[in-house]
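Subject: Model handover and notes

Hi,

Here is the structure I promised to pass on.

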Amino acid sequence: MKRELVIQLKTINFFLNKRIEELHKSFDENLSPISGLILKFLFQNPDKLIFQKDIEEEFSIKKSRLSKILSTMEKEGYVKRVSVKEDARLKQIVLGEKAKELNENILKSKEEIEKIILENIDEKELDIFFKVLEEMVSNLKNDME
């Protein structure tokens with residue numbers, strides 16, 4: 001039987017995305033994909049002052065659209081807009097309590113999914129797998145340059 005790498009990668013991607021989608025719906029089905037990306041951006045930059053302009057640039061979102069998104073996220077308790085001492089007109093975007101709870105749940109779920117995926121796979125096999133994956137990513141990057 002012929003081994004088809006691209007088909008297998010697409011299959012694992014399909015099942016993984018389906019599982020992640022189920023988890024996201026169980027956390028909060030009203031959270032839009034862009035809101036999730038904004039939260040991820042905030043979590044990845046905990047020591048940086050983030051303003052609306054930073055998010056606009058990061059995701060190429062128009063000011064008016066992002067303003068609506070952030071207002072909804074603020075109403076839901078995912079973010080807060082906090083005045084900056086140096087300039088009260090500037091509003092720093094910070095994570096709200098609901099976002100912190102969501103992040104904890106996502107991290108737990110990620111661990112659960114990884115546990116399922118890695119069942120019956122030993123450390124040596126995993127090391128080889130990651131080495132091969134890194135090489136595949138490198139090959140694809142080089143091909144695109």
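Let me begin with a helix pair: the crossing of helix 3 and helix 4 is right-handed (right-handed if the near helix is turned clockwise from the far one by less than a right angle, left-handed if anticlockwise). Helices here (H or I, at least four residues) and strands (E, at least two) are DSSP runs, numbered from the N terminus.

Before going on, a word on the basis. This is a predicted model, in which local features need pLDDT of at least 70 and side-chain atom pairs count only at pLDDT 80 or more, while totals for chains, interfaces and linings use all residues. Residues are numbered from 1 along each chain as its sequence is written, and side-chain values use heavy atoms, with hydrogens and water left out.

Back to the pair. Helix 3 and helix 4 pack with their axes 10 Å apart, at an angle of about 115° (axes are lines fitted to C-alpha atoms, for helices over the stretch in contact, and angles run from 0 to 180 degrees between N-to-C directions). The two helices are therefore roughly perpendicular to each other (65 to 115 degrees; under 35 counts as roughly parallel, over 145 as roughly antiparallel and the rest as oblique). Helix 3 brings Gln52, Ile55 and Glu56 to the contact, and helix 4 brings Lys63, Leu66, Ser67 and Leu70; contact means heavy atoms within 4.5 Å.

A polar atom of the Gln52 side chain lies 3.2 Å from the backbone oxygen of Lys63. Leaving aside neighbours within four places in sequence, Gln52 is in contact with Lys63, Leu66, Ser67, Leu70, Arg81, Lys91 and Ile93.

Helix 3 also meets helix 2. Their axes come within 11 Å and cross at roughly 115°, and this crossing is right-handed. Ile34, Leu37, Ile38 and Phe41 of helix 2 make the contact with Ile55, Glu58 and Phe59 of helix 3. In the loop between these two helices sits Lys48, which is partly exposed with a relative accessible area of 44%.

As for Met73, its contacts beyond four places in sequence are Ser35, Ile38, Leu39, Tyr78 and Val79.

Finally, the backbone. Most residues other than glycine have a negative phi. Ser60, though not a glycine, has a positive phi of about 50°; this residue is in the loop between helix 3 and helix 4 and is exposed, at 68% relative accessible area. Asn120 is not a glycine either and has a positive phi of about 65°. Asn120 lies in the loop between helix 5 and helix 6 (123-144) and, at 76% relative accessibility, counts as exposed.

Best wishes

Definitions and conventions: Polar contact = N/O pair within 3.5 Å; in protein donor to acceptor, adjacent residues only side chain to side chain. Buried < 20%, exposed > 50% of the residue type's maximum accessible area, 1.4 Å probe, protein only.
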